[in-house]
Amino acid sequence: MDITGTAQHEAWQARALPPVEQLRTGLWSIPVPIPHNPLRYVSVHAFALDGGGLGLLDTGWESDEGWAALTGGLASIGAGIADVRGVLVTHLHFDHLGLAHRVREASGAWIAMHPADATLVSGLNAAGAAAAVASEVEFLVGLGADREEAVSDVGPPEGMARFTRMAVPDRLLEDGEHADFPGWRMRAVHTPGHTPGHLCFAEEGTRLFFSGDHVLPRISPNISTGARGLADPLRDFLDSLAAVRDLDPAEVLPAHEWRFRGLDARVDALTAHHEVRLTELLTAIRDHPNSTPWDLAAYLTWSRPWEQYERRMRIFAVTETDAHLRLLASRGLVVSSGGPVPTWTLAVR
Ligand SMILES: [Zn+2]
């Protein structure tokens with residue numbers, strides 16, 4: 001894997017925001033900061049469209065700081081929000097979709113995403129924050145959480161409110177369809193796993209691959225189960241990795257971290273990482289049969305001592321463990337007890 005986004009990588013090491021960069025004729029990357037988040041920023045990609053105006057790929061986490069970075073970035077390339085004609089969104093997470101409604105209000109641009117994520121956005125908006133919190137608490141209790149711990153980890157509805165009023169897209173994009181970016185041939189590649197409707201985009205003129213959060217150069221994207229999520233997200237993610245492995249793009253442009261070359265090598269590393277985790281989890285189940293996902297997560301190795309995990313980090317870890325369990329189950333290696341709070345044991349073979 002070769003790092004091609006050297007300015008992005010240097011900025012990362014200096015703990016600074018990378019610069020706005022022109023990447024090709026009519027193509028720029030604009031970093032939009034994510035407050036208080038280790039990912040630090042989203043790279044919004046701006047495309048000059050035939051006939052005038054701009055297309056955006058992703059928009060950034062909604063905050064005044066993010067809005068200033070996005071509008072300032074556009075100003076630095078001689079454009080403004082009013083020039084935006086269309087917005088493609090790789091997936092529904094707030095660092096990608098968050099600012100989309102402000103962009104639409106300011107420009108009249110359309111917003112497009114995959115129907116599976118569009119359905120989730122509509123569902124969250126319809127449910128509202130209190131119901132979203134309640135269903136997440138129930139989900140965690142079903143994974144073996146103590147109810148009080150689940151309530152405190154999920155937090156109050158006020159913390160969830162922003163995620164229940166995100167932009168519902170005007171247009172839907174299915175796998176293989178081309179986005180309405182005149183002058184570009186942006187083919188949508190459905191890559192479920194990180195979210196049910198995650199999209200990558202393969203630009204067929206330049207052979208650039210916009211990987212969203214599906215393939216990142218440094219970290220492995222979070223693959224978790226959830227109240228409204230995929231039944232076996234890790235299986236879907238590994239299938240989605242295999243589906244893009246041999247595209248042989250000229251360059252990979254992820255939504256976080258830095259641009260790179262060598263998609264196949266990175267896909268192989270991510271795949272191998274999950275196989276190691278699956279093996280580790282199998283060992284934990286063998287040593288601690290009849291455990292819930294909540295218990296099993298504590299037996300795995302994490303980037304810091306398990307006792308320090310709480311709130312959102314603990315939810316990510318437990319739901320990620322659950323995603324690995326479900327793949328082990330679909331491979332026939334483990335079985336669940338069933339019932340409202342299933343426990344797991346090795347399958348008898
Ligand atoms: Zn992201």
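## Zinc site

In this predicted model, a zinc ion is coordinated by Asp95 (OD), His96 (NE2), Asp213 (OD) and His256 (NE2), at 2.0 to 2.4 Å. Donors are N, O and S atoms within 2.8 Å of the metal (3.2 Å for Na, K and Ca), and water is not among the atoms, so sites may look incomplete. The angles subtended by the four donor atoms run from 85 to 156 degrees, so the arrangement is irregular.

The spacing of the donor residues in sequence is D-H-x116-D-x42-H. His96 in helix α3 (residues 94-97) and Asp213 in the loop between β11 (208-212) and α8 (233-244) are 117 residues apart, and the pair links distant parts of the chain.

## Two packed helices

Helix α9 (residues 263-287) packs against helix α11 (residues 311-330) at about 85 degrees, with 10 Å between their axes. This makes α9 roughly perpendicular to α11 (65 to 115 degrees).

Contact means heavy atoms within 4.5 Å. On the α9 side, the residues are His274, Arg277, Leu278, Leu281, Leu282 and Ile285; they meet Thr321, His324, Leu325, Leu327 and Leu328 in α11. Seven residues of this contact are nonpolar, three polar and one charged.

## Basis

Residues are numbered from 1 along each chain as its sequence is written. Local features need pLDDT of at least 70, and side-chain atom pairs count only at pLDDT 80 or more, while side-chain values use heavy atoms, without hydrogens and water.

Key:
Four donors count as tetrahedral if all angles lie between 85 and 135 degrees; four count as square planar and six as octahedral if opposite donors are over 155 degrees apart and all others between 65 and 115; anything else is irregular. Helices (H or I, at least four residues) and strands (E, at least two) are DSSP runs, numbered from the N terminus. Axes are lines fitted to C-alpha atoms, for helices over the stretch in contact, and angles run from 0 to 180 degrees between N-to-C directions. Angles under 35 degrees count as roughly parallel, over 145 as roughly antiparallel, 65 to 115 as roughly perpendicular and the rest as oblique. Ala, Val, Leu, Ile, Met, Phe, Trp, Tyr, Cys and Pro count as nonpolar, Asp, Glu, Lys and Arg as charged, and the others, Gly among them, as polar.
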